[in-house]
Amino acid sequence: VGSATTLLGIGEIAPLSAPSDGFGVLSFDEESGALSELALSPSAQAPDGQILLFHASRELAAVTPRSAGTALHPAIAYQRASTLAALPAGKRSLSLDEAAGPVWKGPLNLWPGRGWLLLLYGRRSAPKLVALPRPEQAPQTVWRVANLVDGLSSVDLLDGDDALVSGLSYG
């Protein structure tokens, strides 16, 4: 009686965030100053998360996206995309494998009903993966511009003399 507890949402909801940066909830008892982390896990009835992978690295051969060792899609070649893959919400690993082995490995944290476009780009020596949120409502027209040209630090996108995008940096 007479105490206050505050719930604090912290961290990232991005699917490629490190486990230590992942979304969480803290409970803060304002009277005692006690802080505790609340366990979070998606309900079994929660809607799936979705990913779509686009391969934009000319130095890499076709890659097969895998989660927990299971292929999510057949091999995806340069300048090609996977179909939309629905996966149960939760935390897992993701690897992108060429025939010779993995070229990228990391966490994949999918929250219920969230969709992500994953862009694979960069050089063979340092491939990169970036996640962009997919539109939540359909139909929508969404234009995205990404500078994936290694060595091109900043670009402007013009329509005649009108700047559509200014100072778009690499990655």
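In which strand does Phe-28 lie? I found Phe-28 in strand 2 (residues 24-29), strands being DSSP runs of E with at least two residues, numbered from the N terminus.

I noted the basis of the entries. The model is predicted, with local features needing pLDDT of at least 70, side-chain atom pairs counting only at pLDDT 80 or more, and totals for chains, interfaces and linings using all residues. Residues are numbered from 1 along each chain as its sequence is written, and side-chain values use heavy atoms, with hydrogens and water left out.

I looked up the exposure of Phe-28: it is partly exposed, at a relative accessible area of 30% (buried is under 20%, exposed over 50%, partly exposed in between; 1.4 Å probe, protein chains only).

I then checked backbone angles. Most residues other than glycine have a negative phi. Ala-68 has a positive phi, near 55°, and sits in the loop between strand 5 (64-67) and strand 6 (70-71). Ala-68 is exposed, with 67% relative accessible area. Phi of Gln-79 is also positive, near 65°; Gln-79 belongs to the loop between strand 6 and strand 7 (80-81). Gln-79 is partly exposed, at 48% relative accessibility.

Last, I turned to the pockets (open sets of points on a 1 Å grid over the protein atoms alone, where a 1.4 Å probe fits, with protein on both sides within 12 Å along at least five of seven lines; lining residues have an atom within 4 Å of a point). I recorded a volume of about 200 Å³ for the largest pocket, volume being the space filled by probe spheres set on the points, which are joined across faces, edges and corners. Its lining includes Arg-58, Glu-59, Tyr-121 and Asp-150.

Terms used. Helices (H or I, at least four residues) and strands (E, at least two) are DSSP runs, numbered from the N terminus.
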